[in-house]
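Here is a short briefing to read alongside the model.

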Amino acid sequence: MSEITSSIPLQINPDLQEERDKASFNVTELTHIIYGGIEKTKKRKRLEKLLFSDPFFQEYQNVRAFGSRSEYYAASVKKSTKIFKLRRQHKWTDEEYETVLDICHDDLALTLHHTMFIPALERLATEDQKSKWLTLAKQYKIIGTYAQTELGHGTYLQGLETTATYDPQTREFVMNTPTLSAMKWWPGSLGKSSNHALVLATLIISGKKYGMHPFLVQLRSMDDHKVLPGVRVGDIGAKMGGNSVDNGYLILDNVRIPRNNMLMKNAQVSPDGKFVTRGPSKANYATMMLIRVQICTMAYQVVSSGATIGIRYSAVRRQSKLDPQDREPKILEYQTQQYKIFPGLAMSYAFLFASRSLTRKYEEAFAEIQRGDFKSLPELHCLSSGLKSFCSEHSVRQVEIIRQSCGGHGYLNAAGLGMLVNAAAPMITVEGENTVMYLQLARYILKRFAGAMSGQQLDGSTSYLSMDPATYVCPVMSETDCRNLTALCDIYRYRSYMTVCRVARQVQHDMESDMPQHVAINKNLVDLVRAAKAHSYYIVVKDFVEGVDALVASAPVIKVLRTLCCFYAAHGIAEYSGDFLESEAVGLHQLKWIKNLQVSLLGEIRPDAVALVDAFDYHDITLSSALGCYDGNAYERLFKSTENDPMNKEEVHPSYYQYLKPFMEEMNKSKL
Amino acid sequence: MSYLEFGAIPLQVNPDLQEERDQASFHVTELTHIIDGGAEKTQLRKRLEKLIYSDPDFRRFPDVRTFGTKSEFYGASVLKSIKLFQLRKEHQWTDEESDIVHSLVDHGHALGLHHAMFIPALERLATDEQKAKWLTIAKQYKILGTYAQTELGHGTYLQGLETTATYDPGTQEFILNTPTISAMKWWPGSLGKSSNYAIVLATLITRGKRHGMHPFVVQLRSLEDHQPLPGIKVGEIGAKMGTLSTDNGYLILNNIRILRENMLMKNAQVSPDGTFTASAPNQANYATMVLLRVRISEFAYTNISKAVTIGIRYSAVRRQSKLDPEEKEAKILEYQTQQYKLFPGLALAYAILFSTKLLKKKYREAQTEIMKGNLQSLPELHCETSGSKAFCTEHMLKEVEIIRQSCGGHGYLAASGIGMMTSSSAPLVTVEGENTVMYLQVARYLLKRFSNAKSGEQIEGCTSYLSMNHAPYLCPFLSEKDCRNLSSLCDVYRYRAFIVISRVVRTVQTDIKDGLPQHDAFNKNLVHLVRAARAHCYFNVVKDFAEAVKELDASIQICTVLISLCCFFAVHGIVENSGDFLQTQTIGVEQLKWLKNLQTSLLAEIRPNAVALVDAFDYHDITLTSALGSYDGNAYERLYQSTEKDSMNSQEVHSSYHTYLKPFIQEMNKAKL
């Protein structure tokens, strides 16, 4: 008998190769589409090669899996410095740097320096201030972060309590954390890494409050990193994920900073304490939206990584019998398994196209904002809030289903899925908690709906609210009609319209029966969220359909994407069928057809499933999954991964000598 | 003002939480007694809590979990096992007492399988002679054992297991082997580092013939120095999302020879010359699996009730944003959306509580029958426990995650305790029978019973409704008020289950009639079969909850609040799955509208009692380990205080500054931009 070893076979698992051989389309073609062209793919591969030729990145995974929190953070600091050096050495563009961050997967300890601190200086500082601090920041003499969220308040910005009181005598601001709940709490890179922070605080001059403004505060000595007097800063503790970053707390006790440390591009305080402003910073607002747009892209990455792992593993795991005469089938053959994984696959492509469309709209709007034209801001706010919530909510849920589809092994860190789930989890609550975001969207929709009712012609994402519902006839007259993407879009649109219309009427009705507005709104919050979700679902389906329609690609690629798109829409109707029936967007017959179609589509997607995730083209180190690696040698890689566990370094764990042995000796001595 | 002194925990209960307690409509202690199963049981639990938590090691344990390395945590967990074993012996705990203690200390500990699986398996599967040999030394902790069944390549599908035990009549020994990489044992708890013995499940081969899976006692490590014996490779399977207190392990056996007597022979024997006899079907073993599933439903209760305790208490002390622009910021519990995230979990906790109480009773009755050799009730029990396990864990995990999200960013902190709850809940959907496989087993049973009913048989038990005459069904809701009727709600669930099942039966039959082989017809309908099983399970849980509430011997206030909760549970389930109910025409669009309105009203009705309803679970603060959910409601102070425990904060300047950051900054400063 040959001994069982943990060596990884050099060949691709034949069960996986078989899948690749039968793909109906050219995977590379789809990869280029996903990344935006052949040059982009090449560039990404070049960066992958550059990074992963350094053995550090492999070691990093082990520290991540088995190290203490503190060791993990230290490895992440090391990773930050490596990447910052490379960034400078290779003069990466922002786009290249973002690609590197995507490839590297989890966040850098110092990540906020480039993603928040420097951009905020660029946006909020005067030219004088920029030449002073931006230069130092780019030289890494100062390492900074952006401190807004407090222990007591997050999304509700008006509730923030930190104060910056102007002292005209010394021409300084006095920064204070007046209560426990006012301490800054959550900002990344704050606890241990940064020596400076942009602190958001309420400006007070002569006892009068002037709203929130950004102040540059030095936290630590630039010589020895010691914390400065009056500053108390530390790590907020272990989290479910994201432990590579030192999310921190910050308490300010009468910390004095020069007047010039208030970033004064949008508002100024003169030496004698006069406040001048050009109105709230819309540019600052645009950054918040940019982050929401980026979360949609992250949601795409999360669910596509999850689908890659789930589908590849399902093609190599064989279990139980379908045909009693046959060998055990791949679990991918089971309809129930397909039903767990293909929604995530379809969602990946849906979010790819939706986030691409959103990014384009953001870029257009941002160009207008730069020219001083803010008219597209409300629409963009509504779109980005809704999609941020929708994409993060759905991707987190779907990745968890995929984790479950991998059975027990999905629970191992080596599977990569648990980490993905935990890393994805905060997307739901950061940068605008999802329910709050949905409600902001709902308010916007209600306003637009009222506009439509009063005859206003709407454009943009809510233009359909001026439709005449009486003209709606369910466009699906037979089972074949259900494959019509335009018809599916119409169904989603009508369902959204009806959901919005009902809650609008309900709120109005409640207000007419003399409820104060805030009571009427609170009484209908659940339905308002439902309306916002229906609207967002429609937008994503529409973006997916339009994205596929506009695609210039070979017939096989278009065919498979149309199938996925159809599945995405049909699955959504089947899953939320109550809503669709209630709004009479479909009837019982249509629902039956759509459910049948959904099952047929599972069978149609099946042969291309592996090719469709191969097209995401994740590097094995990026994916860091024993179950989902490209070669499909899942069991060998799982077994191999155990060698990295420090608990396996010695045959006998130290706790044996410390506890177990003395215990057994004692038990042996005593009588039972 | 001394700003740097934040973090002292106030001695008072947070007034925002006290206010909630003051407005409760019922007596919390009365409900606690109902939950525990009587005042004496509550007292017993409290006595055990006091005993355990007076030991600083037990108090410290959650911190090691949060902040230590995996290996340190395992070490602490070994200590925890030993302390539990010593206490168990010293106080001569009954199984019940032991179960209570385990529920206090988070269920898992390094050597947990010794009492949970190894000893019970010996009791069930060993002959009296074998018992005298091994059970005695196991109870004396001279040997420490586990139960090794699952392999890298196979879990729930037992027929696929590959480990072999080949009998050698020459030496009268079994030779145990791991023939392929996928055959290695993989997952058993306490296997990697802790145990020196294991009961290994392997396919018996004697005289060249296979005789199915049987249990073999295999020594893994030396009793002197704990080194693995020759031919044995054993280790840890690596880091997991949670449950790191136990060393789930792998095991490779290379021509390990064990004595013939090491096969546990109560139900099947191999004689010295290699003759195989089976004296009893292996049903007793089966009963253990069934018991484990009942346990898992109980874990589901523990996890959801802990999570909702955290979520609701925190929502009563966190104030955010304004409802009324004139007022101060509102408790987040006032927002309808927040209630809609929390109250389904609250109702689910009570639903699972009552449903598992009933299930356990049925299990005990069936177990008595089985001991008497009457196996008649086993299929029914199998269906009920599989369905309950899948339903309870699926819904629990979903609600725990929603509750975590309802706590905003702070729910993501380990100190909140709720992330830990998600991670430790996650494996419950895949262990001891993966949920989809469990649902499909329920579905197969339903199909069989359905065809029995069709052929005129009178069906009893949980599927008795399959033989009822449903035509003509009339939706019992004729007005919004009718929707509060618990019997009517049960009827609606029952009818929906009936229709979903009969539809899938028809489809499968049509497919078979159209010439599909049976297995293809099944696979083509797996999604619908799962849906049918879920509908059946949902009906059962609603029914159990409604019946338990009806039969409750309690004050009128308690009954009122539990009826509201039960009604909410049922109504919410219809609203969330409205597509299914509409499609089966159990309800119409008009009824759905009423149900949605009722659901909203019930949120408001439950609201004033929300805190009291979670207080009734009566979790000790250490059991809960949550800064957000502690009894006194001083969430912010406790969060801040928790940061002191993180090793990241033991020095102001982290060591990585000296190793990496400072050299980097210096290098960057030297170079030109």
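Between domain 1 and domain 3 of chain A there are 0 salt bridges, a salt bridge being a side-chain nitrogen of Lys or Arg within 4 Å of a carboxyl oxygen of Asp or Glu. This is a predicted model, in which local features need pLDDT of at least 70, side-chain atom pairs count only at pLDDT 80 or more, and totals for chains, interfaces and linings use all residues. Residues are numbered from 1 along each chain as its sequence is written, chains are lettered from A and ligands numbered from 1 in the order in which they are written, and side-chain values use heavy atoms, with hydrogens and water left out.

**Where domain 1 meets domain 3**

- α2 (27-35), α4 (56-66) and α6 (94-104) of chain A each supply at least two residues of the domain 1 side that touches domain 3, and α2(A) gives the largest share, 5 residues.
- Helices (H or I, at least four residues) and strands (E, at least two) are DSSP runs, numbered from the N terminus.
- In contact terms (heavy atoms within 4.5 Å), 11 residues of domain 1 of chain A meet 16 residues of domain 3 of chain A.
- About 970 Å² is buried between domain 1 and domain 3 of chain A, with carbon and sulfur atoms giving 59%; buried area is the accessible area (1.4 Å probe) that two parts lose on being put together, summed over both.
- On the domain 1 side, A:Leu30, A:Ile33 and A:Ile34 lose the most area to domain 3 of chain A, together 51% of what that side buries.

**Domain layout**

- Chain A is assigned domain 1 (29-108), domain 2 (141-278) and domain 3 (287-456 + 483-612), with bounds from an automatic or database domain assignment.
- Taken over C-alpha atoms, the centres of domain 1 and domain 3 of chain A are 28 Å apart.

**The annotated N-terminal span**

- An unreviewed UniProt entry annotates residues 26-143 of chain A as "domain: Acyl-coenzyme A oxidase N-terminal"; UniProt positions are in the numbering used here, feature names are shortened, and annotations may be inferred rather than shown by experiment.
- Residues 26-143 of chain A are 79% helix and 0% strand, and their end C-alpha atoms lie 46 Å apart.
- A:Lys79 sits in helix α5 (residues 69-89) of chain A and counts as buried at 1% relative accessibility; buried means under 20% relative accessible area, exposed over 50%, partly exposed in between (1.4 Å probe, protein chains only).
- Beyond its neighbours within four places in sequence, A:Lys79 has contacts including A:Phe56, A:Tyr60 and A:Asp106.

**The annotated binding site**

- UniProt (unreviewed entry) places the feature "binding site" at A:Thr149 and A:Gly188; although spread over 40 residues of sequence, they cluster in space, with a largest C-alpha distance of 10.4 Å.
- A:Thr149 lies in the loop between β1 (144-147) and β2 (163-167) of chain A and is partly exposed, with a relative accessible area of 26%.
- A:Gly188 lies in the loop between β4 (184-185) and β5 (196-205) of chain A and is buried, at 8%.

**A covered helix**

- In helix α12 (residues 417-424) of chain A, 7 of 8 residues are buried, among them A:Leu417, A:Met419 and A:Asn422.
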